[in-house]
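Student: Can you walk me through this model? Keep it quick.
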Amino acid sequence: MKPFARLGILSALAALTPSLAFAHSGGAHIHGFFAGLEHPLFGMDHLLAMIAVGIIGARAGWRSIVLVPLFFVSAMVAGALLGLTGIALPSLETGIALSLVVFGAIVALARPLPLAAAAALTALFGLFHGNAHGLEIPEGAGGIAYAAGFLLGTSMLHAIGVLSVFKLARWPMTVRTAGLATSLVGMAMAAQAF
């Protein structure tokens, strides 16, 4: 099967499975370190966005490999703190879906961004991702352990994105196609949010 046919099938499946697309289903199930660690791995929006942030950082240059994911995580923490106080960003799920569209397009175009632009974009969308989780994290020790696990899971996915740039350097179309798929999933999620 041709790569673009597979991409179309995967995008259609993503559009038809909203429970897989959005990982924000409320706070009752959130508890503990391991729940936080696994959450970014099983929420399609998080998985795709976090890997894309790593790719964007790796392509922006050596300092950016650490700084771009760090800006994302810092903004994610700030967004989570807003959520913990009950402040929800407007159009939250649309902002998360838009992050996939933008991050995916950047990866698909394969043009490195200047550090300032990469940091600003990832920080902006990091606020949305963090805010969604801050709104559902319970207070107390379970919520703190969950947040620690979530940060570790996020950082691991960033590292996978960084490594993919280097490990797949001989196959740049693989990474670019993954970026296109990420954008298409984001578009499908945005359509579901309306």
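Student: What should I know about the numbers first?
Tutor: This is a predicted model, where local features need pLDDT of at least 70, side-chain atom pairs count only at pLDDT 80 or more, and totals for chains, interfaces and linings use all residues. Residues are numbered from 1 along each chain as its sequence is written, and side-chain values use heavy atoms, leaving out hydrogens and water.

Student: How many helices and strands?
Tutor: Nine helices and zero strands. Both are DSSP runs numbered from the N terminus: H or I of at least four residues for helices, E of at least two for strands.

Student: How much of the protein is buried?
Tutor: 45% of its 194 residues. Buried means under 20% relative accessible area, exposed means over 50%, and partly exposed lies in between, with a 1.4 Å probe and protein chains only.

Student: And contacts across the sequence?
Tutor: Take contacts between residues at least 6 apart: 84% join residues at least 24 apart. Contact means heavy atoms within 4.5 Å.

Student: Switch to α5. How does its span compare with 1.5 Å a residue?
Tutor: It agrees: the 21 residues of α5 (64-84) should span 30 Å, and the end C-alpha atoms are 29 Å apart. The expected span is 1.5 Å times one less than the number of residues.

Student: Which residues of α5 are buried?
Tutor: Among them are Ile65, Val68, Pro69, Phe72, Val73 and Met76.

Student: What comes just after α5?
Tutor: Gly86, with a positive phi of about 90°.

Student: Now His158. Buried or exposed?
Tutor: His158 counts as buried, because its relative accessibility is 4%. It sits in helix α8, residues 141-167.

Student: What does His158 touch?
Tutor: Met50, Val53, Gly54, Pro69, Phe72 and Val73, leaving aside residues up to four places away in sequence. Pro69, Phe72 and Val73 are also buried residues of α5.

Student: Which residues form the nonpolar patch on the surface?
Tutor: Phe33, Phe34, Leu41, Phe42, Leu152 and Met156, with about 600 Å² of accessible area together. Like charges are joined within 9 Å, nonpolar side chains (Val, Leu, Ile, Met, Phe, Trp, Tyr) within 5 Å. Areas come from the Shrake-Rupley method with a 1.4 Å probe; for residues, only the protein chains shown count as cover.

Student: Which helix supplies the largest share?
Tutor: α3, with four residues.

How values were computed:
Patches are made of residues with over 30% relative accessible area and no salt bridge: like charges are joined within 9 Å, nonpolar side chains (Val, Leu, Ile, Met, Phe, Trp, Tyr) within 5 Å. A salt bridge is a side-chain nitrogen of Lys or Arg within 4 Å of a carboxyl oxygen of Asp or Glu.
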